[in-house]
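Me: I would like to go through this model and ask what stands behind each label put on it. Please give the values along with the conclusions.

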Number of protein chains: 2
Amino acid sequence: MAHHREEIVRVLKAAQNVLLITHVHPDGDALGSQIAMANILEAAGKNVFMYGEDPVSHLYDFLPLCDKIENMLPDLRGFDCAIALDCGDSFRMGHAKDDFLTVHPFLVVDHHAGHKDFGDLRWVAPGMSSTGEMVFELAADLGYDIPYEAAYCLYAAIVSDTGSFKYSSTTADTFRIAGELVAKGVKPASVAGKLFDNFSVNRLHLMRLVLDSLELYADERLAIIWASREMFRQTSTTQADAESFINYPRSVQSVKVAAFIKETEKGMIAVSMRSKGTNYDVAQIAAFFGGGGHRNAAGFKLPDTDIDKVRELLLGKVLPMVQN
Amino acid sequence: MAHHREEIVRVLKAAQNVLLITHVHPDGDALGSQIAMANILEAAGKNVFMYGEDPVSHLYDFLPLCDKIENMLPDLRGFDCAIALDCGDSFRMGHAKDDFLTVHPFLVVDHHAGHKDFGDLRWVAPGMSSTGEMVFELAADLGYDIPYEAAYCLYAAIVSDTGSFKYSSTTADTFRIAGELVAKGVKPASVAGKLFDNFSVNRLHLMRLVLDSLELYADERLAIIWASREMFRQTSTTQADAESFINYPRSVQSVKVAAFIKETEKGMIAVSMRSKGTNYDVAQIAAFFGGGGHRNAAGFKLPDTDIDKVRELLLGKVLPMVQN
């Protein structure tokens, strides 16, 4: 595994002007890591520039300093280095990826299992729960203080990427780091409230409709839920509001594979899948349909189709798997 | 606050035969603490007896050693001491409480804020997330090893009583202890799976019905959901299956107070309430109706009534509170 951790620390220490990038459609770990790293470097006297192609989703706009993320490309000649956080592949940096890669040295800090190497110096640690955990360790290596805002963002990053310490990526180190962040004044209930108690009433209405769509197959080992454009329209919600709904069918004890079929635009269908344990590899099914992901969490998109057709296609591939 | 922690450690160290009690309708913290304490003492060469008035709910029967909990009263003359874990009041020990209190010294270890003193020696620590956290500290004070089964039960106790590190009772110490338990081999994802991914399909059906009952008042600051006996019957579920449902209306951003009205038997109505922050004291409302609890989580029961009448009574008390 790529491991230029020490070199990355040396480069960051020497740099005065740092460009920070994360992935498109940034989630809690992406934004939390980016903001925290920038805040830590800035507190150490450096100039930082946070770039974000997409606006910060309303689910994460409670993160301090997220309004400092710019979506205008800066003059790239002015940076001593660039760092991509939480990007498993260069294309995840978005449209400007080739521009970014003209900055040298280009540093990469990521925890994705299927990481595809890019940049000049890389620290890739798939054993770590989150890129937030990695930024915490970098700050320790750098000997830099973690200001309160950074601590808050790192805690949010870790909680977000571990489902509040529920995923198998959670280690003893994850807890040690969370404890140190809380000792810096971060309030766990406050962050959890922002990350998880953020339903709008509309979102709850959408959830009721989506739960009503539940279908079970193969002795309740396969669960499918779906959301049509009409359901989003009826409840004045968007796809982002449906984000975590797949966890409900997944939380049924008997269910081994859960799928969520979403009509995102007219004729465009996105499918998310979750599975439990090592016997049900949904990444394989996603790959068959041109998508990707991990063994227990994967997805794909199909154009020019509808929910019923996709359900049939999906059943054709998943039923044989869960019936084994 | 009662603080005989050192005396309790001395008594436990000297004792050879220990009776362990927890509260009726035991939850994850009650069972986890009881089993872990027994397992730790037994590994140190003592004889232990775990008493439980109620059977272990199917939600917690994954806890190792829970089948060692007996519901036959033992000969109480044979014990060198008794310890009540997670009991905020002597009556919480159930029907045999007066019998138990004939054992001396009678030790009490509890973290409830409204704890009412009983027994001979007490350690009451409302600042701690869970009685599980207290048992971990007692093991350290005793200098006793924490076997794997005990570590598993303590981790489950902590996760259970903090909603997986989401509640405000979660401290830096909670994370330190969780980290040490994980270092002993406990797998966070496995425990979380047992505690949270334990829906039956029937339970999910009940959830759909209950979510359909959602009513909002006072600019969406008050949410009420309800479950009738008919809903339980229709989905072949029991009251235990509805346990965490109050969290859904609570998770709506605008909601300050959430209430769940349950028809538990014909004419018997149980109400659970949750509130956010310091401005909405649901314990006060519960007390008015003869119930109890904490500022942010309380409940009461009313006989000889129905859901509609209780909703009216509740609105009469809660609406003025949330309209302020």
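This is a predicted model: local features need pLDDT of at least 70, side-chain atom pairs count only at pLDDT 80 or more; totals for chains, interfaces and linings use all residues.

Me: What makes the two copies related as by a two-fold rotation axis?
Reply: Chain A is superposed on chain B by a rotation of 180° with 0.0 Å of shift along its axis, at an RMSD of 0.2 Å. The copies are thus related as by a two-fold rotation axis. In chain A, the C-alpha nearest that axis belongs to A:Phe175, at 2.6 Å.

Me: How do you know that the copies meet through the same surface?
Reply: Of the interface residues of chain A, 100% are also interface residues in chain B, so the same surface is used by the copies.

Me: Where are the domains of chain A, and how many Å separate their centres?
Reply: Domain 1 covers 5–196 and domain 2 covers 201–323. Taken over C-alpha atoms, the centres of the two domains of chain A are 29 Å apart.

Me: Why are β2 and β5 of chain A said to stand at the edges?
Reply: The five strands form an open sheet in the order β2-β1-β3-β4-β5 (chain A), with parallel pairing. β2 (47–51) and β5 (121–124) each have a single partner strand, so one side of each has no neighbour in the sheet. Neighbouring strands here are turned by 15° against each other on average, direction ignored.

Me: What makes β1 and β2 of chain A a pair?
Reply: Two strands pair if there are at least two bridges between them. β1 (residues 17–21) and β2(A) have five bridges in the parallel sense, so by that cut-off they pair. Within this pair, A:Val18 stands opposite A:Val48. Helix α1 (residues 5–14) of chain A packs on the sheet, where it touches β3 (81–85), β4 (106–110) and β5, and its direction makes about 125° with that of β5(A).

Me: What joins β5(A) to β4(A), and which way do the residues of β5(A) point?
Reply: The two strands pair in the parallel sense over four bridges, with A:Val108 opposite A:Arg122. A:Leu121 and A:Trp123 point one way from β5(A), while A:Arg122 and A:Val124 point the other way. These residues are all buried, a label that takes 20 or more other C-beta atoms within 10 Å.

Me: Why do β6 and β10 of chain A count as edge strands?
Reply: The order of this open sheet of six strands is β6-β7-β8-β9-β11-β10 (chain A), and its pairing is mixed. β6 (215–217) and β10 (292–294) have a single partner strand each, so one side of each is left without a neighbour.

Me: How many bridges join β7 and β8 of chain A, and what packs on the sheet?
Reply: Six bridges join β7 (residues 222–227) to β8 (residues 257–265), and the two run parallel. A:Ala223 stands opposite A:Ala258 in β8(A). Helix α12 (residues 307–323) of chain A packs on the sheet, touching β6, β7, β8, β9 (268–275) and β11 (297–302), with its direction at about 160° to that of β8(A).

Methods: Residues are numbered from 1 along each chain as its sequence is written. Chains are lettered from A and ligands numbered from 1 in the order in which they are written. Copies are superposed by least squares on the C-alpha atoms of residues with pLDDT of at least 70 in both. Two residues are in contact if their C-beta atoms, placed from the backbone, lie within 7 Å. Axes are lines fitted to C-alpha atoms, for helices over the stretch in contact, and angles run from 0 to 180 degrees between N-to-C directions. Domain bounds come from an automatic or database domain assignment. A residue is buried if 20 or more other C-beta atoms lie within 10 Å of its own, exposed if 12 or fewer, and partly exposed in between; C-beta atoms are placed from the backbone.
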